[in-house]
Amino acid sequence: MDVTPQPIENSIDHMRDAVFFDGIERSHRLSRFWTLLVLASVIAAAGVVAQSTATVIGAMIVAPMMIPIQGAMLSTVLADRANLLRSVALIVGGALTAVAIGFVVGLADPVPVVAATNSEVAGRVSPGLIDMLAALATGVVASIALVRRDISDTLPGVAISISLVPPLSVVGLTLESASFDEALGALLLFVTNVAAILATGVVVMTIYRVRGDATLAVSGMRRAAHPRRAVIVIVAMLLVVVVPLTFSTVSFVQNASSSSILQTVAGQWGHEHGWDVVSVATGSNGATLRLTGPLPVPSMSDLKSDLRSAGFSGGVRVELVPSVSKNLDVSAG
């Protein structure tokens, strides 16, 4: 009785069949990819407009964008120029399609779909370094799941954890709403996720010695001289996205600190004068503090001094909204 343990790694042929769009089933795979991509883009855009997290998650599961990204990663490791170009073309074409569908869905909504009024948009237009960390970890899982057959069941979870089509939908929706800064932020999130998957995939494949084992499997095929150029491009992508992600993270921390100081100091100042803090907003255009309370309007000198003492710097737009209350006896004639 043969009790030889079966290898846990998938064969090169298995990995190629899973992520490459070539061979006799090429047309079938392309048809499936574009069908699922269009449907996932419609679902994602509709979910973002409706602010339905469950719908957006459904779009993540349906979306096939992970396949050509993994294909670009595997073809880089195998030095397969033809499949690398084909995979990159599908990534770019798929991204443009998802953005276009988001734009069209936005035309059907009379209300601008922007971060100020939509939580699904707000969560995807200001990526930071923590988003890259999550993307790197997800890329590792996705790559290992491609290599090892005993982890392949985790792919649905990977599809949910990595955000690919939803940020592209947000790009289209915010472009239609003429919010170009937010569209750029959502695009940055997508590029960050793609770069992270590619980078971690190459590392995982190297650890599992996939390229060394693939020499015989790809013999006779048209191959690139060396995957070094593709690796350099991937590293360059990571470096390019790290810079704006770092600035975004620093800006977020500074705004959060400023908001906390404003909330605390204004709350104490308002309590002394019978006024209440309605809202605190901080951003690239400065800070806005809104309070409401009874007349007369209190002096701002104490508030300015308290903010300076608390370490707050910069300008603050203070909006004081007087409130008047009256008692009505509707039972009297």
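The following dialogue examines how terms are applied to this predicted model.

Mentor: This is a predicted model, in which local features need pLDDT of at least 70, side-chain atom pairs count only at pLDDT 80 or more, and totals for chains, interfaces and linings use all residues. Residues are numbered from 1 along each chain as its sequence is written, and side-chain values use heavy atoms, with hydrogens and water left out.

Trainee: Why is Ser 87 called buried?

Mentor: Buried means under 20% relative accessible area, exposed over 50%, and partly exposed in between (1.4 Å probe, protein chains only). Ser 87 has a relative accessible area of 2%, and is therefore buried. Of the 333 residues of the chain, 39% count as buried.

Trainee: Where is Ser 87 placed, and what does Ser 87 touch?

Mentor: Ser 87 belongs to helix H5 (residues 81-107). Helices (H or I, at least four residues) and strands (E, at least two) are DSSP runs, numbered from the N terminus; the chain has 13 helices and 3 strands. With residues up to four places away in sequence not counted, Ser 87 touches Pro 68, Gly 71 and Ala 72, where contact means heavy atoms within 4.5 Å.

Trainee: What makes S2 and S3 a pair?

Mentor: Two strands pair if DSSP finds at least two bridges between them. Strand S2 (residues 286-293) and S3 have 7 bridges in the parallel sense, and so they meet the criterion of at least two. Ala 287, for instance, has Val 316 in S3 as its bridge partner.

Trainee: What is the order of the strands in the open sheet?

Mentor: The order is S1-S2-S3, with mixed pairing. S1 and strand S3 (316-322) are the edge strands, since each pairs on one side only.

Trainee: What makes the 900 Å³ region a pocket?

Mentor: On a 1 Å grid over the protein atoms alone, a cavity is a set of points where a 1.4 Å probe fits but cannot get out, whereas a pocket is an open set with protein on both sides within 12 Å along at least five of seven lines. The region is classed as the largest pocket, with a volume of about 900 Å³, a volume being the space filled by probe spheres set on the points, which are joined across faces, edges and corners.

Trainee: How many residues line the largest pocket, and which lie nearest its centre?

Mentor: Lining residues have an atom within 4 Å of a point. There are 27 of them, and Val 125, Ser 126, Ser 248, Ser 251 and Asn 255 lie nearest the centre. H12 provides the largest share of the lining, 8 residues.
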